[in-house]
Structures are given as C-alpha cells and as structure tokens.
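This report covers helix packing, the relation between copies and the annotated domains. The sequence and structure come next.

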There are 2 protein chains.
Amino acid sequence: MSSPPVPALFTDLYELTMLQAYWAEGMTAPAVFDVFARKLPPGRNFLLACGLEQVLDCLEAFAVSGQDIDYLRSLGTFSGDFLERLRALRFTGDVHALAEGMPLFAHEPLLTVEAPMPEAQMVETAVLNLLHYPTLVASKGQRVVQAAGGRAVVDFGARRAHGVDAAVACARALYIAGYAGSSNVEAGRRYGIPVAGTVAHSYVQAHATEQEAFERFAAQFPGTTLLVDTYDTLDGVRRVIELRQRLGERFRVGAVRLDSGDLGALAKASRALLDAAGLGEVRIMASGGLDEHVIAALLADGAPIDGFGVGTAVDVVADRPYLDAAYKLVAYGGHDCGKLSPGKLSLPGRKQVFRRYENGLAAGDTIARHDENLPGEPLLECVMQGGRRLAAGRVGLAEARANAAAQVARLPAALRDLQPAAEPYPVAISDALQAAQARLIAAHPVGGC
Amino acid sequence: MSSPPVPALFTDLYELTMLQAYWAEGMTAPAVFDVFARKLPPGRNFLLACGLEQVLDCLEAFAVSGQDIDYLRSLGTFSGDFLERLRALRFTGDVHALAEGMPLFAHEPLLTVEAPMPEAQMVETAVLNLLHYPTLVASKGQRVVQAAGGRAVVDFGARRAHGVDAAVACARALYIAGYAGSSNVEAGRRYGIPVAGTVAHSYVQAHATEQEAFERFAAQFPGTTLLVDTYDTLDGVRRVIELRQRLGERFRVGAVRLDSGDLGALAKASRALLDAAGLGEVRIMASGGLDEHVIAALLADGAPIDGFGVGTAVDVVADRPYLDAAYKLVAYGGHDCGKLSPGKLSLPGRKQVFRRYENGLAAGDTIARHDENLPGEPLLECVMQGGRRLAAGRVGLAEARANAAAQVARLPAALRDLQPAAEPYPVAISDALQAAQARLIAAHPVGGC
C-alpha cells in the first residue's frame, strides 16, 4: 500500500557539498526548517495540504547505499571521511505538519523539520518535491469538486501527468480532495482508490459498426458506460436506445459518456432522447477539456450531466503548475534565523498555527511561536519524533479524504467559491512572533541566526 | 543506468476492460497506433522528441505480476479467463520512432506501435505518459539553450518538478536538449549527467557572518561558486573580494551566483567590482525566476552573466505544461482507420516522415505512407521488432544530445528563434496518404476502419 522508495540521492548536489562543510565545521546543532508557500497562486483562496504520507515514508527509509557512495566518490568532489559519514546518515529528527486535507494559507508552515543541521539540510529537495505537487494538485482538485456540486468526478489524467509517479500521486491527492476515483489502475492497486473506466474511441473504431461495438461491450460488461461520441454523439445515443429497445435486458447500459463537442448542448439533447425512450435511469458522463470553470459553466447552464472525467487541466495544474513553496531555515542551534530581504521575509523559529472558529466556520488564523497557547485549534501536529513516525503520521487515505471534506466545509463560503474572495482570509502574526522577528532584525539587520 | 521499472498496472482501467472484450471477441489482429501532437503549443516553432528510451524499457519489461492479478481479481470486474491471459501478456510488437533529439511538428508521428490489438491497446497510457513530459520539457529546454547562446545552463528544478521521476526525467530531457547538467544527483547517478551545485542561503545564514561562511566553504571546496545574495548581493561580492585580497590563494572562488533582485544590474555591478579588484577570472552565474525570455532579455541588455541555473519555469513548463498529444488507432487488421471528426482528424495507416534539406537546412517535411520512397531523409526508424529492441533503440545519452544539437542546427534560423516564426515550417501530406484518407472517408463517411 505504500509508495515506491525515493532514491537517497534524489537531492540537489548543493545539499551534499553543504553537508561536507557542516560536518567539517562541526555544525551539527539542531536546525529548524519550515515548508510554506510565500503566496497563494493567483485566483486561489487557499491550499489543501497533501503529500505528508510520502514525506514520512521517505524520511523513515532514508539511507544512502554503497552504490550511491561509489557514484559520489567517482565525482571527485567529496572527501573519504565525508562519504563514510554519509553512508551512516539516517533521519533522526522531528517533524510537525498539517494533516493531509487541511486548508492552509500563505506563510503558514505546511511542515517543519527539526533535526541536526546535516540531516535537515539533506532532505530539503525530497521534502519539497514530495509536498509540492500533491499540495498543488489537491488544491486545484478541490475546486473541481466544489464546481461539480456533489456529482462524481473521476481523474482521467494519467497520460498527461508529468511522469508515472506524478500520475499516481495525483490520483491519490485528488481522491483526498474529494474525487470519486481515478482511471489509474496502479493508483488503485497501491492505495485502494476506486478505479473507473470502460472504453475508448479505438474500441469503437476497430469494430465494423458503432452498434456492434456497443452490443459486444455491453455484453461483456452489463451496466457499463458507453462512449457515444466516436462518430456523432447524438447518433451514438440513438444507437444505445435502439439496442436497448431491440435487446431489452440483454443490453444494459448504466451511462453514456460525451467526450467532445458542445458538452452542454449535447448533454441536454442526449437527456431528452434517453428520457423520451424511457431510459431515464441511464446517466450522462462528460469528459474532454474540463476544469473547474468549464464544469461550473456547464452546470450553471443546466447541463444534465451526472459525472465528470477530468484530466489534463487538473493533473498538470495547467493554469499555474507550481507553488511558490520554500524550505527555509528558521532556527539553528537554538537561535532564531531569518532571511529578511523584502518580499522573501521568513518568520523566525518553530511555529504553531491557531485557527479560530465562529458559528462553526473558520474566522481567522494566527501564526504563533510553537510554545504559545492561543485561542483556536492548533493545526500543526507532531507526526515524527526522533525519526520515528507517530500515530498522527499514520493517517489512512479514507481518513485524510474525510478530513479534507470536513475542513473545507468549515471554511467561509466565499473561500470555497471559484472566484477570488473579496476579502482574503485573515491570517495574523502573534505578538510574540512579531517580537521575535523584531529581536532578530535588531540583532541582524540584514538577516541571519 | 536504466530507469526504474514502470508498474504494469500503470494504465487506465479502460485499457483492461477493452482487453477483456477484445480477447472475448477474438480481436487480436495487428493494430497500429500513432503518437503525435495535434498542434504545437502556442508560441513554439517545433518540438524535440524525447522519452523513447523509457518507452522501450517499459515495453521490454512489460509483465503483470501475480499480485497485480490478485488486485484486479478483487475488483470483481474481470473474468478468470481474462486474468490468466493477462498474466501471460508480453509486448511482442514493432515500434517505429523518431530518435531522441529529433525536431518534429504537429501531426508527425513521434512513435508508432504495431502489435496485436490487445498489446497495442494495453500500453497506451504508459507510452503516452513516458513520451509526453520528456518531449514537452526538452522542447522548452531547447529554447533556453538557444537563449543562453552558448553559455552553460544547469537544471535547478528538482524540488518543483511534479514528482521524483519527473525531476529525473526532466534532468535527462534537458541534458539532451543541450543543458550542461543538473543539480539533481539521482539524475547524475542514473544517467551520468554532469551534476552541479555548491551552497544555499541556509548555509550562509547558519554562520555568524557571511564572511565566515564564504571562507569556510571555499576552504572545503577551492574554486567553488559562492552564493552572494543572502543579505545584499553587492556586499556579498565585496566580501568575496576582501577575502581574496586578505587570503590570496588560500581563498579561491570560481564564480559568484546571484539568485534574486535585478539580475542584469547586479551582474553588471558585480562584474565591475570583480574586474576592478583584478578578479576578471571569477565568473558570474545567475538563477532565480529564469526562463528563455528572461535570459534573452538579460543578454540582450548586455548582462555579463556566464551561466544560468534554471528551475521551476522550465521543469514544470510553466507557460504550457502539456502537449496536445494523442495515441490514435490508424490501422486494424490491415485496414486503415481514422477518426474523421473536424479538428480531431487523424491520418490513416502506418507512416513515414521525409525531411528535405536545402543548403544544409531543413526545407520541408512530408508525412507519407510508410512504404513510400520520397525525397528527403526518412525520420522514423524501427527501434523494436517483435518486442525486441534493435540497435536504433539503444542510443546513448551523449549521442542523443549530439543528435539534438545537430538536428536543431539544421532547422531554419527563424524556427530556432524564441518568437513564433512568421511562416510555419512546411509540412505536407503525400499524395498517396491523401488518397488513402479519401478512400477511408468514402468507405466510412464518419470514420472507422
């Protein structure tokens, strides 16, 4: 059920050169790094945390192999002492994180690593990579789920996601965000995500007639979904009706799928044909070029569509395929650190985020020092201690999905809208954290620890 | 040196349901599927073929395991007969493809699979996924290489690529496209790509002073590149100069890296400071928010930058993170097939592409029937026959990279420009292929085989 291992050398070379220097200098004091987004992507009201499971799998399993060491030695960059020490390196630190499915805002830590500097530095690239894409795509997928208003949405994007593990991670992230399932069988095998899919245009084309293709496929899979747009969508629907009228219960179809053309008009015309034929129980699925905006427009126009297959635009997050996410040093050796350049300000020290609720809805967050006790629910949980995963770091997929639904439902309605909220959600910095920042600036006007 | 195995169940569920139907119907005649892009992404003049190596690895190794079968059985969708047959399935077909690094245009097959229908259908999702992202990112990276005009470009995007294997595939694709290397150590280990990288802001911050950080790091790695913008870029450069003047040969620095701010102005000011101090040999590297357009603008403005680290915008292909790529049935059982709906037209039958050259530059392509012999160089090569890889399917990375450089250099200069060419490159359809299409339309006015 777990993810494929992340290679220990999946890291930027500079992590390794820094490690050699840190060890040579004896700089092994505890460091704290925050993962956060400097700003929300344009048009988004919040992000949805995702990817923690893979980060913890990676940290638990971190070990550099003998072959890795041989490769590094071949570069001629590293000392023999360093390579021996690297071979023994394991991750022994603590991790605090938002649960998967938790909404978050700019500057709020999604995850914090606290570990001896070399360990905390070494895992930067993998931690960022493993959180970035799942959080990015879950945040997008959640919008599609909102747009679909309770209708099933299935992930169809395996072929366009950026690689095999992106496709599988995507299916998982979208399931957490509220999708009903995925066409991606490997995602189903690995994570138990419901899988869906029936037939493509090629199957219809390879038969002498569309009628023959429909009849034979439905015989194999009674109650299936038939793709009706290979040649002409409404002719396809008429063939479904003819077959049903001719073959009766020997031709059972659960749904028709429209994959091209004016989906709204075709859905209305298909619904009318099916209903007139007494096939009111045959549902209409739509796919092809969908995203949250297209779905919202179709439904606003009254398109009688019962479910959506959504691929490329969401799986590659076409409108904004990256987050402005960073992994920033916020403390070293017990001292606060910060980079204080304008626009790249980071908040010093380990933190907690408190979310206040009013009338059951989130009313505002406060980013605070980790040891403060402010009103509201603390969002960051300890998920790994001394390199060992805690119960809070072992959350099943179903629970993460339920958590996402529950937490998103607790956001103000304006944030759940596809449009940018007129007023951004209030995120405050606690007095103590502001004071810490002021102290840091006083001590290091340009930044430092 | 090879890629991690692609799970056999990395496929869309509909491939498997179609397989069960094909086998039940005895539809195992040879099918031909083309992979092609329906159109070029906006603003691009051509694509660069990439990803073939991974496709062939995947096809060679294709085998469904007992565990996979157990999972599929648990779905309750498939017959026992089908699952037994699936367990024995291997890929025994032929593959024709463009060599990695070959420029291509809309509608030109990047790869053609010819195999018994169930095999050819089964591999659709993986083949598309494995070609799509490498071709997408190599096509973008090639533009960055053009913009950099011979200066070294290094891939810095491991943390933002959509997953671990995307990051590794990206480093490989960008190296083929002409990058000098990558920060991604796993890509270096796996493919022998040159790796680069020295130090991050966190290292500088963790030291009491920037000066101390510089001195200690250069002591560990003489001739290194120092990141000078942690606090103030020009102050950082001045510290490098002071240290050099104080410590002489004990402080050797090969380059400084600027990672924020107005890179052009800072590069000019840094160059002036270094030159005035007699440090003309210290190079200037730039990174942070770069893409082909930013690099072109910097260099057009005379920024004295010697090399670039480029990440997010290229690794996620931020301006257009997908290709309109399809895997289309073009023949079945010896008959041409096509989907003839407007805008989704596919050209029937197996094909060849001929590229004509005039004065050493490509002058036009013709998409033809595979058995035609037209003027020009045939671009599609047989890389796999009967499921066995041929010599043309075993091209080393260095050769693919050299091929890309040579083939791109053979394109008209207007195509190599970052701007859209005033006239698109001429791609014709051969008379015989047009005639085949006319015959298909006459026989199947709405499409079919």
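## Helices H3 and H4 of chain B

In this predicted model, H3(B) passes H4(B) in a right-handed crossing. A crossing is right-handed if the near helix is turned clockwise from the far one by less than a right angle, and left-handed if anticlockwise. H3 spans residues 66-75 of chain B and H4 residues 80-87 of chain B. Their axes come within 10 Å and cross at roughly 160 degrees. That makes H3(B) roughly antiparallel to H4(B); angles over 145 degrees count as such. Axes are lines fitted to C-alpha atoms over the stretch in contact, and angles run from 0 to 180 degrees between N-to-C directions.

From H3(B), the contact uses Gly66(B), Ile69(B), Leu72(B) and Arg73(B). H4(B) supplies Leu83(B), Glu84(B), Leu86(B) and Arg87(B). Contact means heavy atoms within 4.5 Å. By class, the residues are four nonpolar, one polar and three charged. Ala, Val, Leu, Ile, Met, Phe, Trp, Tyr, Cys and Pro count as nonpolar, Asp, Glu, Lys and Arg as charged, and the others, Gly among them, as polar.

## H7 against H7

Helix H7 (residues 164-176) of chain A packs on helix H7 (residues 164-176) of chain B at about 155 degrees, with the axes 6 Å apart. H7(A) is therefore roughly antiparallel to H7(B). This crossing is left-handed.

Val164(A), Asp165(A) and Ala166(A) meet Val164(B), Asp165(B) and Ala166(B). The contact has four nonpolar, no polar and two charged residues.

## Relation of the copies

How is chain A laid on chain B? A turn of 180 degrees and a shift of 0.0 Å along the axis do it, with an RMSD of 0.0 Å. That is the relation of a two-fold axis. The same surface serves both copies: 100% of the contact residues of chain A recur in chain B. Superposition is by least squares on C-alpha atoms of residues with pLDDT of at least 70 in both copies.

## Annotated domains

UniProt (unreviewed entry) lists "domain: Nicotinate phosphoribosyltransferase N-terminal" at residues 9-131 of chain A. That span is 45% helix and 18% strand, and its end C-alpha atoms lie 18 Å apart. Helices (H or I, at least four residues) and strands (E, at least two) are DSSP runs, numbered from the N terminus.

The UniProt annotation "domain: Nicotinate/nicotinamide phosphoribosyltransferase" (unreviewed entry) covers residues 153-316 of chain A. Here the chain is 48% helix and 15% strand, with end C-alpha atoms 16 Å apart. Such annotations may be inferred rather than shown by experiment.

## Conventions

Residues are numbered from 1 along each chain as its sequence is written, and chains are lettered from A in the order in which they are written. Local features need pLDDT of at least 70, side-chain atom pairs count only at pLDDT 80 or more, totals for chains, interfaces and linings use all residues, and side-chain values use heavy atoms, without hydrogens and water.

Definitions and conventions:
Angles under 35 degrees count as roughly parallel, over 145 as roughly antiparallel, 65 to 115 as roughly perpendicular and the rest as oblique.
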